[in-house]
Amino acid sequence: QVQLVESGGGLAQAGGSLRLSCAVSGKIFSTQAMGWYRQAPEKQRELVATINSGGITNYADSVKGRFTISTDNDKNTVYLQMSSLKPEDTAVYYCNADLNPQSYYRRTYWGRGTQITVSS
């Protein structure tokens, strides 16, 4: 069974850094794209950053220049390096993956989420 396993959440001070990791657990055929979304209290879930199989990245305007998404294809893992953190970055961060579990089947998966809290 395919799952996304997140790690790296926690507390940080404004201006600090954190790194999130998300590994695909289970056997898959291929990866289309992976990314990170976040949801702050009483707000809708929003895109933070994505990266596709070609290495093309996309960032929310609010994190451009501060966050960097990357992958280790050998480990089926996506990372989110977060720098210059702001209190408004506080949210639950969710890993997202668009995968082919088999060659003929494509599906989107979500991680359980990891809390990031940035204090001022």
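Student: Is Asn76 buried, partly exposed or exposed?
Tutor: Partly exposed: the relative accessible area of Asn76 comes to 24%. Keep in mind that this is a predicted model.

Student: Why doesn't 24% make Asn76 buried?
Tutor: Because buried means under 20% relative accessible area, and Asn76 has 24%.

Student: Where is Asn76 in the fold?
Tutor: In a loop, with strand 7 (67-72) on one side and strand 8 (77-82) on the other.

Student: And what's the phi of Asn76?
Tutor: Near 50 degrees, so a positive value in a residue other than glycine.

Student: OK, switching to Glu42. What's phi there?
Tutor: Glu42 has a positive phi too, near 65 degrees, and Glu42 isn't a glycine either.

Student: New topic: Thr114. Which strand is Thr114 in?
Tutor: Strand 11, which covers residues 114-119.

Student: How about accessibility, is Thr114 buried or exposed?
Tutor: Buried, since the relative accessible area of Thr114 is 14%.

Student: What does the Thr114 side chain reach?
Tutor: The backbone nitrogen of Gly9, at 3.5 Å.

Student: Which residues is Thr114 in contact with, leaving aside neighbours within four places in sequence?
Tutor: Gly9 comes up again there, along with Glu6, Leu20, Ala91, Val92 and Tyr93.

How values were computed. Residues numbered from 1 in each chain as written. Predicted model: local features only at pLDDT ≥ 70, side-chain atom pairs only at ≥ 80, totals over all residues. Heavy atoms only, no water. Helix = DSSP H or I, 4+ residues; strand = E, 2+ residues; numbered from the N terminus. Buried < 20%, exposed > 50% of the residue type's maximum accessible area, 1.4 Å probe, protein only. Polar contact = N/O pair within 3.5 Å; in protein donor to acceptor, adjacent residues only side chain to side chain. Contact = heavy atoms within 4.5 Å.
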